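Work through these exercises with the model in view. Try each task before reading its solution.

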Amino acid sequence: MAQAVVGLGNPGPEYRDTRHNVGQRVVDALARRVHARFEREGAHAVARGRWQGETLYLIKPGSYMNVTGPPVARLARKLHLEPSDLVIVFDDIDLPLGKVRVRLKGSAGGHNGVRSLIEAFATDALRRVKIGIGRPGPPGEDRDRVSDHVLSPFYPDEHEAIAAACGEAADQVMKLVEGR
């Protein structure tokens, strides 16, 4: 039975190294692990790999984060995937930089990309791996700075922590894939 890992982010080279695209970094790392190459599938970048004898799709959506749900749902239908076949990987400003957390379901937690997916799939039962990118200031006082923060690159002194977090997140994704 096939599964898919969806790394959330924004399309285009100007967003590649931003905090918001950390989910796609994890998917890139997974592609290296399973020796899969990305190819265009419509607007999306999709790598088809094998893991423990099963098909594993690695997906980098070609849509902007806030409207990623409908195009990912269409691609999932095309690939004959149910919501339970997906693992979503994304950034979380409410986690400290480098912290990784796994959830099997729940609310969007203020993340517009996750909200879009929950609405498109009509379920909050989506397996998730979240990577902490930290907040730009104290909660409630940073609202005006959140957008700039998530669309900015990591500072040089954060690179080591985020690289380690991406490795841990990839490990957690594979545990979810294997555990199903």
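**Exercise 1.** Find the residue in β4 that V46 stands opposite.

*Solution.* V46 faces I59 of β4. Now widen the view to the strands, which are DSSP E runs of at least two residues, numbered from the N terminus. β3 (residues 44–51) and β2 (residues 38–41) pair in the antiparallel sense over four bridges; two strands pair if DSSP finds at least two bridges between them. In that pairing, V46 of β3 is the bridge partner of E39. β3 also pairs with β4 (residues 54–60), antiparallel, over seven bridges.

This is a predicted model: local features need pLDDT of at least 70, side-chain atom pairs count only at pLDDT 80 or more, and totals for chains, interfaces and linings use all residues. Residues are numbered from 1 along each chain as its sequence is written, and side-chain values use heavy atoms, with hydrogens and water left out.

**Exercise 2.** Locate the residues with positive phi in the two hairpins.

*Solution.* Start with β2 and β3. Two residues lie between them, and G42 in the turn has a positive phi of about 65°. Go on to β3 and β4. Their hairpin also has two residues between the strands. There, Q52 takes a positive phi near 50°.

**Exercise 3.** List the residues that L58 touches, leaving out those up to four places away in sequence.

*Solution.* Contact means heavy atoms within 4.5 Å. By that rule, L58 touches V5, V27, L30, A31, V34, F38, A45, V46 and A47.
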